[in-house]
Amino acid sequence: MKIFFLFTFLTFLLSAFEQVAAYAHYDKILTHSRIRARDQGPNVCALQQVMGTKKKYFSTCRNWYQQAICGKKATVLYECCPGYMKMEGMRGCPAVAPIDHVYGTLGIVGATSTQQYSDISKLREEIEGRGSFTFFAPSNEAWDQLDSEIHRNLVDNVNIELYNALHHHMLNKRMLTKDLKNGMTLVSMYNGQKLLINHYPNGVVTVNCARIIYGNQIATNGVVHVVDRVLTAVGNTIQDFIEAEDDLSSFRAPAITSGVMDILGRPGHYTLFAPTNEAFERLPRGVLERIMGDKVASEALVKFHILNTLQCSEAITGGAVYETLEGNTVEVGCDGESLTVNGVKMVKRKDIVTSNGIIHLIDQVLIPDSAKQVIELGGAQQTTFTDLVAQLGLTSSLRPEGQYTLLAPLNGAFSDDTLRLDQRLLKTILQNHIIKVKVGLNELYNGQELETIGGKLLRVFVYRTAVCIENSCMVRGSKEGRNGFIHILRQIINPAEKTLHEMLRNDKRFSIFLSLVKAADLDDVLSWPGQWTLFVPTNDAFKGLTDDDKDILIRDKNALRNILLYHLTQGVFIGSGFEPGVTNILKTIQGGKLYLKTVNDTLLVNELKSRESDLMATNGVIHVIDKLLYPAELPVGNDQLLTILKKLIKYIQIKFVRDSTFKEIPLTFYNPSITQLTKFIEGEPEFKIVREGETITKVIHGEPIIKTYTKIIDGRPVEVTEKKVTEERIIQGPEIKYTRITAGDPDNEEKLKKIFEEEAPVRRAQPTRRTQGGAARRRTRLDHS
């Protein structure tokens, strides 16, 4: 029981400390200022003063080390901390300031104008007498900056207007800065008028957005806080202000139709960046009409101008990001005396205080991504892509009511050679960067296929720290618009057109490697559909290899397969998909491991540089290397083979264990499949040549056979008519030979043979071969009924 009570007490104590800490930011910053000035003597505080102004701050660590406030150079001042004073001939501020009543304290803190006005308005007697008051006393500069007409009216009517105005700066109880909690609403001593308190993490405390510049000067009958402006009365809500302000009529209309106006009439602590009529006039007419005609977009636009926190201008000493009611964020900062939104000076008038928040008038309309068309989401780094989309007439394909995904390469991805391409080809390239559906980043998954408006299917590859579309990986900056997403890519997408085998066959750099692949009976692996990563050595990797050496390699098929399959891994791994600077381990088909990492955008394979990466194939990807890879842990047991390998591989020490042999690697690691045909085609047979190198399945259909018979169903005879089509399916890939074709009729067979003789040389027929998995390689006969 004692332990329980002790735990409860400690929890309460910690909670109390947390609450005090949460609202004592001013005192914490003041303590830091004392520490920074400790070399100047006791009770000295270090402040920063913005150059060219009289504005001084007890600074945050960020402002202090940047030596700037609101982007402006700040100099360091050393002054006595609040409540202390200097003594002649002594360092620092060793003396405590005298304690007097509130009236006398106004003089001690230098608020002599407020002290004078208290005297002539007959307030002096009250604040010299009994009681406990808090006086938010405007500084002398604050009175000087007050509108001249308002100032004159107050001074001309000291007994009523000035007296009431001063009472509006007072509370009927003593409250130190630690008692002034963020979001608190206090009642002043004038007519129940409200005072809105904000206590910010950077130590700034405001009263109706007036900053306390010198706080906690204790008096015998209260406390004095000096503020940087004269407080004005707070009465209306934000809704009331918008309805009464003629210059906000353009903003008022969507605020009402979207229902957001009602929110701004409720109690709360809002900040509204209200665009003026002039701001709306600057928008292109088409954009404005589209947004205003779309209730969802107009609601998003209005909410994007509203923060659910109260941000006074004096509390902003640097940039900070705030969430809007729309859900996205804006960056609010400052540049000298000016407020900035998303880095742009646009605030015309600031700190209009209402009972439920603050209004800042701005001269630009903030349009959230959710109210933009997808093509409007492109930023400064994607202008080449968005400009080309417009120039080539593709914007008409992006209908406002549609759903799309743009894959926008960075500007640097477009080389001069690319931009000089024929416009038809360039248009085709761009079409392959526009997906027919709206797909967000969190909806993408590995192996997904996305269809472009150009008819191409793009593959998605998801890695630990990257998402890639074909050869190009995404960078941060994905955005969602009204009719789609935009994702930012490093490079232009090159959709795959050929298989791995076709790419090797069409590139002379790989002729030796390809000949070894063929000798090892691995052609089909690189031709069939699949997901492979192949590290291909160029012919330069085989320098010094004689024909005799090659024959020795080929004769030992197990050795050759072990070497070649060490270059092949299951799965598609894009170079820029690897996490930079760390080693990524891939298991090869041979069983050994490859160690990959990217350094300065270069892919290293077992510490060897890849000369060219990310050559996309329909069944995988190729990374080009100029050395033959070999698993370091795999021993060689043959002197001849060791001699050959030492010619080719000098970057590792090859193990030699006499009479050791290479394991047999059966070709069961891949399993080609055939798609079955399920539709009937009646009439004359159709013929089409399948050329060597194309991995295409074609079916040649004969005339249908119609059979009628009687079948007993549920005890009743039913006449059934069945159609049967005889067809021959030919699967044509690299080095596939013509065998025998049955088309349901001898004439058809003769006709087909004639076509082959005319358009393709007939080679000697070879028997149908089967893989170890049992699937027919050459042809498969299917009967459908």
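Visitor: In which helix is Ser298 found?

Guide: This is a predicted model, in which local features need pLDDT of at least 70, side-chain atom pairs count only at pLDDT 80 or more, and totals for chains, interfaces and linings use all residues. Residues are numbered from 1 along each chain as its sequence is written, and side-chain values use heavy atoms, with hydrogens and water left out. Helices are DSSP runs of H or I with at least four residues, and strands are runs of E with at least two, numbered from the N terminus. Residues 295-303 form the helix that holds Ser298, namely H15.

Visitor: Is Ser298 buried or exposed?

Guide: Buried means under 20% relative accessible area, exposed over 50%, and partly exposed in between (1.4 Å probe, protein chains only). The relative accessible area of Ser298 is 3%, so Ser298 is buried.

Visitor: With which residues is Ser298 in contact, leaving aside neighbours within four places in sequence?

Guide: Contact means heavy atoms within 4.5 Å. With those neighbours set aside, the partners of Ser298 are Pro254 and Ile291.

Visitor: Which element gives the largest share of the lining of the largest cavity?

Guide: A cavity is a set of points on a 1 Å grid over the protein atoms alone where a 1.4 Å probe fits but cannot get out, and lining residues have an atom within 4 Å of a point. The largest cavity has a volume of about 120 Å³, a volume being the space filled by probe spheres set on points joined across faces, edges and corners. Helix H2 (25-36), strand S2 (56-57) and strand S12 (210-219) each give two or more residues to its lining. The largest share, three residues, comes from S12.

Definitions and conventions: 1 Å grid on protein atoms, 1.4 Å probe; cavity = no way out; pocket = protein on both sides within 12 Å on 5 of 7 lines; lining within 4 Å.
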